[in-house]
Every structure is written in C-alpha cells, then in structure tokens.
Amino acid sequence: MGNPYASEEDVEKMGWGDIAKSGRTVDYSPESFEQAWENSKQGWKDAGRDAMTAPLIGAVPLTPENLHGAVGMSDKEYDQFLDDTFGPSPQARAKAAEQPGGEG
C-alpha cells in the first residue's frame, strides 16, 4: 500500500488517505514483476554469500569462512566457489557498474 519510492519526509507530510491513494499507480506489468523477481533472487544470493563469509556470533570455532582452509581449499578457490554459487559480490557488481559499459 502506498508509494514505495516516497521519501520518509514525503510520507510524514501525508495523511492516511493520501498514502492509500499514492499506491494506485502501481506498475503490475509483466516487466515489473520480472524485475521484482530478479531483485528478490539477487537479494537471496547476497544473503547466502553474506552467511558464507561472515563470522558467526558466539563460541562456534568453525564457520564457513574459516572452514574452507581446513578442507584444503585456498582463498582463491573459495572466492570462485562463492562466485559460482551466488554470482558476483555486491562490491564486484558496484565496481562493474562504475566502469563504462557496465551494468547498473
């Protein structure tokens, strides 16, 4: 309900009726749904990569990040595994988008 692109400042100035009316121009086109699906898939990939590279809280001695060395996988091999599984990292995608001809 409402405009997902409205800034917080804009929303604070609106009443409930204004907010409800602002969502009536939602794009329900197949292209919009396809883009939303792609955004969702990328979000899950980013969450998976984050889980595989972040240290865990607590006294867990083995995490995915440090386990790869224990099984004989180099950092480069682990990075390639992450790219193959989850696609490019958010940082790599941002860097590619900055380059001429990169996707944004």
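## Terms and model

Buried means under 20% relative accessible area, exposed over 50%, and partly exposed in between, using a 1.4 Å probe and protein chains only. The model is predicted: local features need pLDDT of at least 70, side-chain atom pairs count only at pLDDT 80 or more, and totals for chains, interfaces and linings use all residues. Residues are numbered from 1 along each chain as its sequence is written, and side-chain values use heavy atoms, with hydrogens and water left out.

## Overall fold

The protein has six helices and zero strands. Helices here are DSSP runs of H or I with at least four residues, strands are runs of E with at least two, and numbering starts at the N terminus. The order is α-α-α-α-α-α.

Of the 104 residues, 12% count as buried. The protein exposes about 8400 Å² (Shrake-Rupley method, 1.4 Å probe). Carbon and sulfur atoms supply 58% of that area. Take contacts (heavy atoms within 4.5 Å) between residues at least 6 apart in sequence: 43% join residues at least 24 apart.

## R49 and its surroundings

R49 sits in helix α3, residues 30-53. R49 is buried, at 11% relative accessible area. Leaving out residues up to four places away in sequence, R49 touches L82, D83, F86, G87, P88, S89 and P90.

The side chains of R49 and D83 make a polar contact at 2.7 Å. Such a contact is a pair of N or O atoms within 3.5 Å; within protein, one must be able to donate a hydrogen and the other to accept it, and residues adjacent in sequence count only if both atoms are side-chain atoms.

## S89 in the loop

S89 lies in the loop between α5 (75-86) and α6 (90-98). S89 counts as buried because its relative accessible area is 14%. S89 touches R49 and D83, again leaving out residues up to four places away in sequence.
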